[in-house]
Amino acid sequence: MSFRNTMTRFAAFALACTAVLGSASGATTPAERLAAALQYPTVSHQTADLDETAFLGLHRYLEQSFPQTHATLKREVIAGYSLLYTWPGRDGSLAPMLLTSHLDVVPVSEASRGSWEHPPFAGAIADGYVWGRGAVDDKVGVLATLEAVEALVVAGFEPERTVYLAFGHDEEVGGPAGAGAITRTLAERGVRLWFSLDEGMLIVEDGLFGVAGPIALIGIAEKGSLSLRLTARAKGGHSSMPPPTGAIGRLARAITALESNPMPLRMGGVWEETVRALSPHLPFRTRLFLTTPPFSWMARGRLSADPAANAVVRTTTAVTMAGAGTKVNILPREAWAVVNFRVVPGDDTGAVVERVRDIIDDPEIEIEVMSASEPSASASARSEAYQLLAGAIAEIAPAAPVIPALVVGGTDSKHYGQIADDAYRFTPIRLRTEDRSRIHGVNERISLDSYREAIRFYETLIESAASAP
Ligand SMILES: [Zn+2]
């Protein structure tokens with residue numbers, strides 16, 4: 001890019017910053033800094049358009065807000081918009097650790113804007129909460145990590161072990177450009193991580209399976225994802241002389257077959273680890289029900305009936321898109337649908353495709369793989385790194401049992417996990433079950449107390465994990 005271009009862009013960018021920052025530039029407390037960061041609409045879209053001003057504005061804002069971090073750690077911009085920080089350890093022989101979160105957020109639909117108590121990109125602090133898109137997913141991770149590092153640098157802490165901070169810019173669309181590029185960069189440098197810590201699970205404030213809360217869930221694996229496009233074709237023609245079944249009917253039969261034949265239950269693996277860790281805390285009857293045959297066989301039906309539990313124990317089937325037809329009196333020549341499967345560890349996408357073929361059992365339905373990512377490997381729930389995570393959780397939620405669990409959504413750890421011995425997925429914040437819908441929904445918010453704890457968690461973790469072994 002030419003100098004002039006750069007200058008023009010810089011001027012536009014500086015203007016945008018002043019406009020965006022407004023009150024934000026005066027942020028002096030951690031909560032105010034988080035609130036200010038929420039004012040940058042760093043939205044990820046399925047399409048390629050990216051708001052450059054918002055991302056570069058956020059970079060600049062982080063630089064201004066955490067001066068000691070930026071003076072001490074090496075900062076690299078990867079793939080234009082992602083950030084990689086390196087805090088070199090004194091002992092180069094120790095395997096490094098990675099703390100990661102993402103800079104991007106999901107869009108706010110126009111239809112939902114009116115339902116927000118505070119505008120989604122205003123970064124309001126009210127009623128004991130910081131409000132806005134990204135307050136939970138996942139600027140809380142970015143800002144709390146930087147707060148912790150800043151405090152440690154100011155306090156004179158020097159890590160023995162190298163600490164990487166990675167903040168991708170496209171996690172909400174799978175992270176190929178951001179976390180994917182950061183992972184490749186680190187791999188090319190020969191980096192093998194001791195462990196990585198990403199978003200994924202959190203502290204469930206109001207409990208699970210009859211165990212009173214809080215419960216800290218650490219994600220030790222995540223599901224894969226497979227999207228299939230099903231297409232039924234037919235001759236078409238005028239609707240006055242239709243055949244017994246047309247393209248839409250044929251497709252409908254295939255969809256009904258898929259919905260009424262769920263993928264098999266997988267009660268081993270991560271689920272078994274979750275139940276084992278939870279078991280001492282469970283009420284007697286629930287424990288009997290979940291862990292002791294023949295009751296545990298009966299539990300299968302109940303688990304399947306609950307969408308949240310069902311998502312943990314099997315590959316789920318969700319028909320998400322469909323289309324056919326152009327006019328009331330024309331038989332469509334084609335009908336299509338998209339089915340999204342979230343693939344549980346223990347299954348793989350190839351086997352799911354085969355099973356789908358068997359279930360549909362109709363050679364006239366074309367099955368095309370649109371995208372596929374395999375479920376992750378499982379991190380250890382017995383490693384030293386896991387113990388350190390549990391120790392840092394005990395600092396902020398001493399009463400919470402620490403339970404390994406499966407992440408049913410996707411995270412950037414599908415990338416970082418490739419270069420880590422153990423990839424953990426846990427954001428140190430408290431959320432009530434009823435607040436779950438605020439993530440990617442309306443009125444996303446984090447309580448001021450929970451945010452303070454998150455910073456303390458990262459401080460404790462860095463201090464313990466990056467110190468001499
Ligand atoms: Zn996220």
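Isoleucine 393 touches Ala216, Ala400, Val402, Pro428 and Phe457, leaving out residues up to four places away in sequence; two residues are in contact if their C-beta atoms, placed from the backbone, lie within 7 Å. The model is a predicted one, in which local features need pLDDT of at least 70, side-chain atom pairs count only at pLDDT 80 or more, and totals for chains, interfaces and linings use all residues. Residue numbers start from 1 along each chain as its sequence is written.

Isoleucine 393 counts as buried because it has 23 C-beta neighbours inside 10 Å. A residue is called buried if 20 or more other C-beta atoms lie within 10 Å of its own, exposed if 12 or fewer, and partly exposed in between, with C-beta atoms placed from the backbone. The C-alpha atoms of isoleucine 393 and arginine 456 are separated by 9.4 Å, although the two residues are 63 residues apart along the chain.

Isoleucine 393 is in helix α13. Helices (H or I, at least four residues) and strands (E, at least two) are DSSP runs, numbered from the N terminus. Helix α13 takes in residues 384-396, 13 residues, and reaches 19 Å from its first C-alpha to its last, close to the 18 Å expected at 1.5 Å a residue. That expected span is 1.5 Å times one less than the number of residues. The buried residues of α13 are Ala385, Leu389, Ala392, Ile393 and Ile396. Seen down the axis of α13, these buried residues fall within an arc of 105 degrees, so they line one face of the helix; the arc is that of the directions from the helix axis to the C-beta atoms. An α-helix has 3.6 residues a turn, so residues three or four places apart point the same way. The elements against which the buried residues of α13 pack are β7 (193-204), β8 (215-222), β15 (402-407), β16 (420-431) and α15 (448-465).

Alanine 216 touches Ile203, Ile393, Ala397, Ala400, Val402 and Ile403, not counting residues up to four places away in sequence.

The division into domain 1 and domain 2 has bounds that come from an automatic or database domain assignment. The centres of the two domains, taken over C-alpha atoms, are separated by 33 Å. Eleven residues from domain 1 and 14 residues from domain 2 take part in the contact. On the side of domain 1 that touches domain 2, the largest share, four residues, comes from β15. The residues of that side divide into seven nonpolar, three polar and one charged. Here Ala, Val, Leu, Ile, Met, Phe, Trp, Tyr, Cys and Pro count as nonpolar, Asp, Glu, Lys and Arg as charged, and the others, Gly among them, as polar.

Two further helices follow. Alanine 148 lies in helix α5 (residues 139-154) and counts as buried, with 24 C-beta neighbours inside 10 Å. Leaving aside neighbours within four places in sequence, alanine 148 is in contact with Ile455, Tyr458, Glu459 and Ile462. Helix α2 (residues 30-37) has seven of its eight residues buried, so it is largely enclosed by the rest of the structure. Those buried residues are Pro30, Ala31, Arg33, Leu34, Ala35, Ala36 and Ala37.

Most residues other than glycine have a negative phi, and most peptide bonds are trans. A cis peptide bond joins aspartate 137 and aspartate 138, with omega about 5 degrees; aspartate 138 lies in the loop between β5 (129-131) and α5. The bond from glycine 213 to proline 214 is also cis, with omega near -5 degrees, and proline 214 is in the loop between β7 and β8. Aspartate 127 has a positive phi of about 55 degrees although it is not a glycine. With 11 C-beta neighbours inside 10 Å, aspartate 127 counts as exposed.
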